[in-house]
Amino acid sequence: MCEVCAIFGAGEHWSDFGRIRNERYPFEDIMHYRAERKRRIAMVNALIAPHGLACEDWDGEALAISDKRGRFKIAHTLNDLWPRIEELAHARVDPLVPAFLEVRRDG
Amino acid sequence: MDDRLPLTIVTGFLGSGKTTLLQRFLRSPEGQHTAVLVNEFGEAGLDHRLLLHAEERLELLDGGCMCCARRADIARAIHELVRRAKAGGGGRLRHLVIETTGLADPAPIVATIGRDAWMSGHVRLNSVIAVVDAVTGIANIADHVEPRRQIALADTVIVSKSDLRDAKPMPELEATLRAIAPDARIFDSQEPGFDIGATIAAAEELRTAAPVVEITAHASHVAGWESFLLAMPERVDWPAFTLWLSALLHAHGDAILRVKGMLRISSTQGPVVIHGVQHVMHPPHHMPAGTALDKPFLVFITNGVARAAIERSLTTFLAAAQPAAA
């Protein structure tokens, strides 16, 4: 969150720096940032929906992953997203396999 | 303005000439007000006012992945240096150099900077420099994994001892080095015009520029090691691309030694330069809106992940994301 203007939704992950020119905080175009964040969440949902999971924005600050049983995990950045999805889906995230998410045999 | 302390990592196999090179840097105008952090005192010895010694200490984080291990010694030393610099007005200390041991893997140092929010708020990675001995370098690269990893992770390679009688010719050295790090800047430290001060000072500027050589496929001399360039679309959808790359590094970061690219993205007018080491990506560098970029590209240096698999995955993922990008 920007401490000056109290705007939520300006992350510190490398993927959050798509918009800015070399400043460290992307407040110049917060609406564009939010639109891209929304589209990214839609893409995540397309990947995880077949596994019964859903991803929601958590106040623009983090991502909330839940399953159909109501279990719920928070991922602060894209780095945390994939491990949380693996935990809930009992699957391995691997973009090099056609399914992207592969169910673990031991899960 | 970016007021973070620039950090340069100097790596290189045993006896490659890291300390000698560092001595040259510290004598240059650009090397003034530099703090040096060493893990061992080399034979050449450094007589420097701001020399710190830290016992090499690796802390494995969750998952126990070696390339993401935290270098606790370095974290503590950097913390102390930044604190001192700030307490003293911050005007004197302008640069931080870490000289690794000959057998050290630079990846955990990069991970220590990139993964710690406090650290990445106070320190920026300026350059990873690998020093390669012109006499024994090629044999070392063939025989040992450490120098290969050091070169693969470097954005700049400096060849030392090329004036010695047994030195291998530069074209042979360059071909060997390019096979591991096709986009690295390669310098001969014995060239009369070589200026270590300027080379280190301009590292970020040069690293974020388009590659000076046409990057082509280089045959790797070592099984499993591959470096390749992927031509990228005219403009990539940033949400889709970041999703794909973060998943790829999550799944295969231990096998992807370095990724670098210059892209046009959906989020901004000018090209962006991205670079990452294993699991850690650094914030992208944004080029001015009018900057020319004829052929957007990604360069991968991998050990155990094939080009075809990455290319197919990227193409499929970006194509699937296209309708949303409209």
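Two helices of chain A, α1 (30-48) and α2 (78-89), each supply at least two residues of the side that touches chain B. The largest share comes from α1(A), with 7 residues. Sorted by class, this side of chain A holds 14 nonpolar, 5 polar and 8 charged residues.

The interface can also be described by its contacts and its area. From chain A, 27 residues are in contact with 36 residues of chain B. The area buried between the chains is about 2,700 Å², and carbon and sulfur atoms give 64% of that area. In chain A, the residues that lose the most area to chain B are W14(A), M43(A) and L96(A). Together, these three residues account for 29% of what the chain A side buries.

S246(B) sits in helix α10 of chain B, which covers residues 238-252. Is S246(B) buried or exposed? S246(B) counts as buried because its relative accessibility is 5%, and the cut-off for buried is under 20%. Leaving aside residues up to four places away in sequence, S246(B) touches W14(A), L78(A) and W82(A). The side chain of S246(B) has a polar atom 3.1 Å from the backbone oxygen of L243(B). Further along chain B comes V280(B), 34 residues from S246(B) in sequence; the C-alpha atoms of S246(B) and V280(B) are separated by 9.3 Å.

Finally, a word on confidence. Chain A has a mean pLDDT of 79, and 73% of its residues reach 70 or more. Over residues 1-9 of chain A, however, the pLDDT is below 50. Beyond near neighbours in sequence, this stretch has 18 contacts in the model. Where pLDDT is low, the predicted coordinates should not be read in detail.

Technical notes. Residues numbered from 1 in each chain as written. Chains lettered and ligands numbered in written order. Predicted model: local features only at pLDDT ≥ 70, side-chain atom pairs only at ≥ 80, totals over all residues. Heavy atoms only, no water. pLDDT = per-residue confidence, 0-100. Contact = heavy atoms within 4.5 Å. Buried area = accessible area lost by both parts, 1.4 Å probe. Helix = DSSP H or I, 4+ residues; strand = E, 2+ residues; numbered from the N terminus. Nonpolar A, V, L, I, M, F, W, Y, C, P; charged D, E, K, R; others polar. Buried < 20%, exposed > 50% of the residue type's maximum accessible area, 1.4 Å probe, protein only. Polar contact = N/O pair within 3.5 Å; in protein donor to acceptor, adjacent residues only side chain to side chain.
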